[in-house]
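I opened my notebook to record what I looked up in this structure, going from the sheet to the helices and then to the whole chain.

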Amino acid sequence: MDKRLGIIGAGKVGTTLGRLALASGWDVLISASPTRPMQSLIVETMLPGARLVPEAEVVAGADIVVLAVPISKATTVDLPALSGKVVIDAMNHWYPVDGSHDEVEDAPSSSHWVQSLNPAMRLVKSLNHLGYHDMETDARPAGHAERRAVAAASDDVEARAAVAALLDDLGFDPVELPFAAARQLEGGGPVFGRWVDAAGLRSALSRSGARCT
């Protein structure tokens with residue numbers, strides 16, 4: 001890979017991930033809602049060094065693409081264009097933001113619903129079980145005793161490994177999981193919002209019945 005990260009969504013999660021990626025040597029392409037005023041100034045201020053480009057350029061130019069929009073806006077993304085791409089689903093369903101969404105709530109996980117919108121995406125659920133404020137404060141170099149673990153859930157082994165390598169660059173210990181474990185990474189799950197190291201993450205998921213690779 002050429003280490004080009006694409007981020008769709010320039011909110012708090014997107015800009016935080018972008019800063020971590022830039023600091024670890026990745027090029028960052030980011031797209032933002034055209035309806036948000038002064039978006040280019042926000043990106044220049046919050047994410048110096050990244051390139052604010054149209055969504056189509058993010059998709060075309062990136063090795064890995066992160067979905068960092070509210071899940072209620074997922075269908076506004078050109079998901080068909082992501083066929084064959086390694087895609088990180090960093091979204092969560094928040095009722096106060098997204099409202100009721102029967103299709104999401106009835107799916108095995110919100111990521112299963114996202115995958116159903118374009119099964120040709122190489123989707124990996126990751127970076128959703130920690131807050132944006134924790135991403136920067138908890139990132140640590142490899143080998144650090146206080147390195148936080150972040151899960152990567154997918155049945156696409158190569159896509160999952162690519163995301164794991166990105167997580168390592170960002171400053172986290174990756175824990176690879178099958179896609180069936182995706183629900184355990186969401187709100188109410190055993191690791192959601194909790195600081196855990198790799199052993200602690202595996203242990204918490206094992207107790208909940210999830211299988212780690």
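Before counting partners I noted the rule that two strands pair if DSSP finds at least two bridges between them. Helices (H or I, at least four residues) and strands (E, at least two) are DSSP runs, numbered from the N terminus. This is a predicted model, in which local features need pLDDT of at least 70 and side-chain atom pairs count only at pLDDT 80 or more, while totals for chains, interfaces and linings use all residues. Residues are numbered from 1 along each chain as its sequence is written, and side-chain values use heavy atoms, with hydrogens and water left out.

**Sheet.** I looked up the strand order and found 8 strands in an open sheet, S3-S2-S1-S4-S5-S6-S7-S8, with mixed pairing. Its edges are strand S3 (51–52) and strand S8 (173–177), each of which pairs on one side only.

**Parallel pairs.** I then followed S4, residues 64–67, which pairs in the parallel sense with strand S1, residues 4–8, over 4 bridges; here Ile 8 has Leu 67 of S4 as its bridge partner. S4 and S5 also run parallel and are joined by 4 bridges, and Ile 64 stands opposite Val 86 in S5. From S5 to S6 I again found a parallel run with 4 bridges, where Val 87 has Leu 123 in S6 as its bridge partner.

**Faces of S5.** Which residues of S5 point one way, and which the other way? I found Val 86 and Ile 88 on one side and Val 87 and Asp 89 on the other, all of them buried (buried means under 20% relative accessible area, exposed over 50%, partly exposed in between, with a 1.4 Å probe and protein chains only).

**Helix H6.** In helix H6 (residues 110–117) I listed Ser 110, Ser 111, Trp 113, Val 114 and Gln 115 as buried. Their cover includes S4, strand S5 (86–89), helix H5 (102–106) and strand S6 (122–126), with contact meaning heavy atoms within 4.5 Å.

**Whole chain.** I counted 9 helices and 8 strands in the protein. Its radius of gyration is 16 Å, close to the 17 Å that the globule rule gives for 213 residues, so the protein is as compact as a globular protein of that length; the radius is taken over C-alpha atoms, and the rule is 2.2 Å times the number of residues to the power 0.38. The C-alpha trace spans about 45 × 40 × 30 Å along its principal axes, and 48% of the 213 residues count as buried.
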